[in-house]
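Thanks for asking me to look this one over.

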Amino acid sequence: MNSYRIPFNRACFEGKELVYIAQAIANGHISGDGPFTKKCHTLFEQELGVAKVLLTTSCTHALEMAALLLDLQPGDEVIIPSFTFVSTVNAFILRGDRPVFIDIRPDTLNLDESQLERLITSKTKAIVPVHYAGVGCEMDTIMEIAERHGVAVVEDNAHGLFGQYKNKYLGTFGCLATQSFHETKNFTCGEGGALFINDPRYIERAEIIREKGTNRSRFFRGQVDKYTWVDVGSSYLPSDVLAAFLYAQLEARDHVLARRKCIWDTYRTGLVDWAASNDVRLPIIPAHCEQAFHMFYMILPSLEARTRLIAHLKSRGILSVFHYLPLHLTPMGQKYNYRAGDCRVTEAISDRMLRLPFYNELMPDEQAQVIEAIQELTF
Ligand SMILES: Cc1ncc(COP(=O)(O)O)c(C=O)c1O
């Protein structure tokens, strides 16, 4: 990857990361739930209006916590888009649940809510919308259907921090929602995540599950005089050193979002004419969605066109990448008896999708080179 002049992603520093890490060390509290973790929790709770936020070691772990919190049992069904990262489904498979793969909408690439009713059975316990590329799923319809059937909604908001659907932040709709702070995300601490708890019924047990099945959080608040093993759990809390790094990034959120919007708009403006004359589709953002500017992708006319473009950009030192392979067609998906044709839009799109270099410090001249190189090809 290092041989590319313009990489696909580059970890970006907003300025105060090292200062805050030094402060975390000076505080003498580098394990979990120290002062910086609390600052991150408070920022999210106040800014987004979430009842309770808990930083986790990854979005994967936040999803695992969600599956534990919903008390899912072997044989329960969970509706998940086939077009997502493996963690969205693994978290539920670990509890013995059956994944029910749903296809995506051809416009936003988010789960196709018009197919939900057909897939809900008496065993359905949860729906997991993924706000792909930080563009909101159709949450009004999803929440209405879920509520009517008594099914939980867990938003996988790995891409969509600070994005909005109808003026409400992504991650604040479902009873639970998860965030990622992996190096490839808009806000990072290398590896990290968060569980957003919108239904206060889950708060106390979430604290326990995150603290190895103990009531240590209550002990630290002086609510019990000793802590003990009270439930299942694991170690899902990150070091305060990582929280310090993350807090520096979150403080710079206005700058980060403005920068990413500028990069996204520049790609769109620079490529719109070329796309129209080459049968290439650019992202579609519904008017009621305020996107999080997580990525810029293109849907090319064919797999062959995508292969040509990747090779062409590579010859110019530019790394472009595709994205998820349909989960229902993987060896694991086939174990659940899925086959080609079960999620047709996912299958048609995943072969043709290409993502362009996108990171906060992508310089205007670098971005101009990417756009120029793309325009050298026709299909
Ligand atoms: C939609 C989605 N969910 C979950 C994850 C997992 O995130 P993490 O690496 O923080 O575990 C990713 C990772 O890219 C993702 O794209």
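Which residues have the most contacts inside the largest nonpolar core?

1. A word on the model to begin with. This is a predicted model, in which local features need pLDDT of at least 70 and side-chain atom pairs count only at pLDDT 80 or more, while totals for chains, interfaces and linings use all residues. Residues are numbered from 1 along each chain as its sequence is written, and side-chain values use heavy atoms, with hydrogens and water left out.

2. Now to the core. Leu-70, Ile-127, Leu-176 and Leu-195 have the most contacts inside the largest nonpolar core, which has 56 residues. A nonpolar core here is a set of buried Ala, Val, Leu, Ile, Met, Phe, Trp, Tyr and Cys residues joined through side-chain atoms within 4.5 Å. Buried means under 20% relative accessible area, exposed over 50%, and partly exposed in between (1.4 Å probe, protein chains only). Helix H3 gives this core its largest share, eight residues; helices (H or I, at least four residues) and strands (E, at least two) are DSSP runs, numbered from the N terminus.

3. Leu-70 deserves a look of its own. Leaving aside neighbours within four places in sequence, Leu-70 is in contact (heavy atoms within 4.5 Å) with Ala-126, Ala-152, Val-154, Cys-175, Leu-176 and Tyr-202. There is also a second, separate core of 29 residues, and Phe-162, Ala-177, Ala-243 and Val-256 are among them.

4. Back to H3, residues 59-69. Nine of the 11 residues of H3 are buried, including Cys-59, Ala-62 and Met-65. Among the elements covering these buried residues are H4, strand E5 (152-156), strand E8 (176-180) and helix H7 (203-210).

5. How do H3 and H4 meet, and at roughly what angle do their axes cross? The axes of H3 and helix H4 (residues 86-93) come within 8 Å and cross at roughly 35 degrees. Axes are lines fitted to C-alpha atoms, for helices over the stretch in contact, and angles run from 0 to 180 degrees between N-to-C directions. On the H3 side, Thr-60, Leu-63, Glu-64 and Ala-67 meet Ser-87, Thr-88, Ala-91 and Phe-92 of H4. By type, the residues of this contact are four nonpolar, three polar and one charged. For that count, Ala, Val, Leu, Ile, Met, Phe, Trp, Tyr, Cys and Pro are nonpolar, Asp, Glu, Lys and Arg charged, and the others, Gly among them, polar.

6. Helix H9 (residues 240-251) is another enclosed element. Nine of the 12 residues of H9 are buried, so H9 is largely enclosed by the rest of the structure. The buried residues of H9 include Asp-240, Phe-245, Tyr-247 and Gln-249, and they pack against helix H1 (17-27), helix H2 (35-49), strand E1 (52-56) and helix H10 (253-277).

7. On H10, have a look at Thr-266. With 33% relative accessibility, Thr-266 counts as partly exposed. Its partners, leaving aside neighbours within four places in sequence, are Gln-367 and Ile-371. Thr-266 and Ile-371 lie 105 residues apart in sequence and 9.1 Å apart in space, C-alpha to C-alpha.

8. Finally, please check two backbone spots. Phe-162, in the loop between E5 and strand E6 (164-165), has a positive phi of about 75 degrees although it is not a glycine. Phe-162 counts as buried at 8% relative accessibility. Phe-293, in the loop between strand E10 (289-290) and strand E11 (297-299), has a positive phi of about 55 degrees and is not a glycine either. Phe-293 is buried, with a relative accessible area of 9%.
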